[in-house]
Amino acid sequence: MDFIMYLVLFSMILGFVVIASNPSPFFGALGLVVLAGMGCGILSWHGGSFLSLVLFLIYLGGMLVVFAYSAALAADPFPESLGSRWVLISGVIYLVGVVVVSSLVCGDWYEVIWVVMDELVDFSVMRGDMGGVALMYSWGGGMLILSGGALLLTLFVVLELTRGQSRGALRSI
Amino acid sequence: MSPLMFSTLLLALGLGSTVTFSSSHWLLAWMGLEINSLAMVPLMARPHFPRAVEAATKYFLAQATAAAMILFAGMTNAWMTGQWTIEMMTHPLPLTLVTLALGLKIGLAPVHAWLPEVLQGVDLTTGLILSTWQKLAPLALLLQLPHGNSPLLIILALSSTLIGGWAGLNQTQLRKILAYSSIAHLGWMMVILQYAPSLTLLALLTYIVMTSSIFLLFKLNNTTNINALATSHTKIPVLTLFAPFILLSLGGLPPLTGFMPKWLILHELTMQGMGTLATITALTALLSLYFYLRLSYSMSLTMSPNNLLTSPLWRLRPHQPTLPLAISATSATMLLPLTPAAFLVR
């Protein structure tokens with residue numbers, strides 16, 4: 001299990017590096033998907049399995065749109081793939097940078113460790129993150145309604161910005 | 001834009017700031033800021049020509065970055081200390097993060113670059129909202145933060161007053177000059193924030209009065225660059241006579257309102273034993289004064305060689321309401337006798 005965890009953590013760093021080394025948008029979005037998946041893996045390993053499931057589903061739904069948008073926007077016959085020279089060079093530089101910085105601050109880091117939320121992993125009916133979801137609907141109900149209102153406003157704002165045929169979001173530029 | 005949509009957006013613009021004012025919880029404060037800036041974006045893109053859409057895009061990018069940093073700082077605070085209260089953000093890491101993010105939101109100097117670009121792209125009414133109402137909610141958060149003895153605020157303040165004066169020297173566009181003037185004034189508010197927060201509020205109030213009057217004046221005059229100012233006495237002679245007083249009040253010359261916050265801030269800084277800081281801040285205000293003087297000069301104190309000058313326009317009844325301009329211009333020039341004495345006797 002520890003080995004899988006190391007693998008997941010390493011893939012997460014790789015995902016960061018792929019995004020940061022500035023390839024064309026397809027590959028950047030791919031790195032983002034890898035990053036999100038690995039983040040959900042870490043979250044579920046630490047006891048938030050329901051949260052990681054919700055995050056993964058919603059995030060992949062958003063990533064579908066990002067993929068479609070980047071495929072439509074960057075119709076590039078020769079995209080900068082991960083093996084292109086500058087992408088590769090900056091990726092290697094970022095990886096070395098991560099190794100150097102983490103070896104410098106590694107000693108301070110291991111003191112604060114994330115504990116697993118549930119103590120009775122096998123026999124408890126109530127998982128920690130399920131309890132959190134229930135609390136969000138009961139105690140945090142007012143805040144939840146306000147957040148929903150903010151999202152509704154976002155919908156109106158986007159509709160107003162893209163209203164009509166000629167008025168796509170950036171089409172006037 | 002349909003009237004229903006317009007009123008919804010204006011309502012959300014007011015509601016977002018009000019939610020932030022009334023919250024003591026970081027999530028709610030962040031949500032108010034989000035609502036506020038989201039409602040502002042379609043209002044900026046309303047004329048829908050390329051420059052306005054560009055300004056709206058730039059505004060959205062800067063504000064979204066700042067809001068994400070605020071949320072991140074609030075969550076880091078909750079992770080480290082286990083509570084979300086705004087006044088209790090005592091750990092230096094989230095405190096620094098959130099101070100910088102709020103500085104990005106209102107346009108303080110190392111992170112100010114979006115403000116002139118955005119303000120130049122929107123019309124004068126939206127620019128008025130942007131430089132008055134949009135500053136209130138982040139400043140309310142900044143006032144509630146427990147700054148100890150924070151050198152970060154001094155750095156933000158000094159660079160704001162310096163860059164706000166310095167970068168404004170080179171401009172010919174009025175809205176950019178007003179943006180740099182806004183940056184410089186916010187620097188004056190920041191420099192006193194950790195010593196006397198009530199003086200920050202006073203400086204904010206006087207700044208809002210002065211900048212409203214100058215924005216409304218330019219809107220009535222329908223000018224957006226210095227060249228167009230030269231013919232303004234054919235359109236509005238009395239206001240042309242009055243405009244240097246408003247501009248010099250923004251610059252902070254003595255018998256006018258703008259002198260009050262600068263005087264009290266310098267007084268307080270000197271009383272706290274920070275003579276060097278007070279001197280540098282006062283000297284950077286001279287840079288701002290230079291471009292206010294140039295605006296006054298080209299608007300009212302000179303006659304440029306132009307045959308339009310000899311042909312005044314017809315004086316028709318103005319189409320837009322002039323009462324707000326009358327009130328704000330009067331208070332921008334004549335409020336100095338109302339200086340609260342409590343600040344001076346300490």
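Let's start with a helix pair. In α6(B), B:Leu124, B:Thr125, B:Gly127, B:Leu128 and B:Ser131 meet B:Thr211, B:Ser212, B:Phe215, B:Phe218 and B:Lys219 of α10(B). Contact here is C-beta atoms, placed from the backbone, within 7 Å. Helices are DSSP runs of H or I, at least four residues, numbered from the N terminus.

A word on the model. It is predicted: local features need pLDDT of at least 70, side-chain atom pairs count only at pLDDT 80 or more, and totals for chains, interfaces and linings use all residues. Residues are numbered from 1 along each chain as its sequence is written, while chains are lettered from A and ligands numbered from 1 in the order in which they are written.

Back to the pair. The axes of α6 (residues 124-131) and α10 of chain B come within 9 Å and cross at roughly 175°. Axes are lines fitted to C-alpha atoms, for helices over the stretch in contact, with angles from 0 to 180 degrees between N-to-C directions. The two helices are therefore roughly antiparallel, a label for angles over 145 degrees. By class, this contact has four nonpolar, five polar and one charged residues. Nonpolar means Ala, Val, Leu, Ile, Met, Phe, Trp, Tyr, Cys and Pro; charged means Asp, Glu, Lys and Arg; the others, Gly among them, are polar.

Next, the core. Which residues touch the most other members of the largest nonpolar core? They are B:Ala39, B:Met44, B:Tyr59 and B:Ile246, out of 109 residues. Such a core joins buried Ala, Val, Leu, Ile, Met, Phe, Trp, Tyr and Cys through C-beta atoms within 7 Å. Helix α2 (residues 26-44) of chain B gives the largest share, 13 residues. Domain 1 (1-146) and domain 2 (149-346) of chain B both contribute, so the core lies between them. Those bounds come from an automatic or database domain assignment.

B:His48 sits between α2 and α3 (50-81) of chain B. Its phi is near 55°, positive in a non-glycine residue. B:His48 is partly exposed, with 17 other C-beta atoms within 10 Å. The scale: 20 or more is buried, 12 or fewer exposed, in between partly exposed, with C-beta atoms placed from the backbone.

Last, the chain contact. Chain B gives 20 residues and chain A gives 14. On the chain B side, α2(B) has the largest share, nine residues. That side divides into 15 nonpolar, three polar and two charged.

Note on methods: Two residues are in contact if their C-beta atoms, placed from the backbone, lie within 7 Å. Angles under 35 degrees count as roughly parallel, over 145 as roughly antiparallel, 65 to 115 as roughly perpendicular and the rest as oblique.
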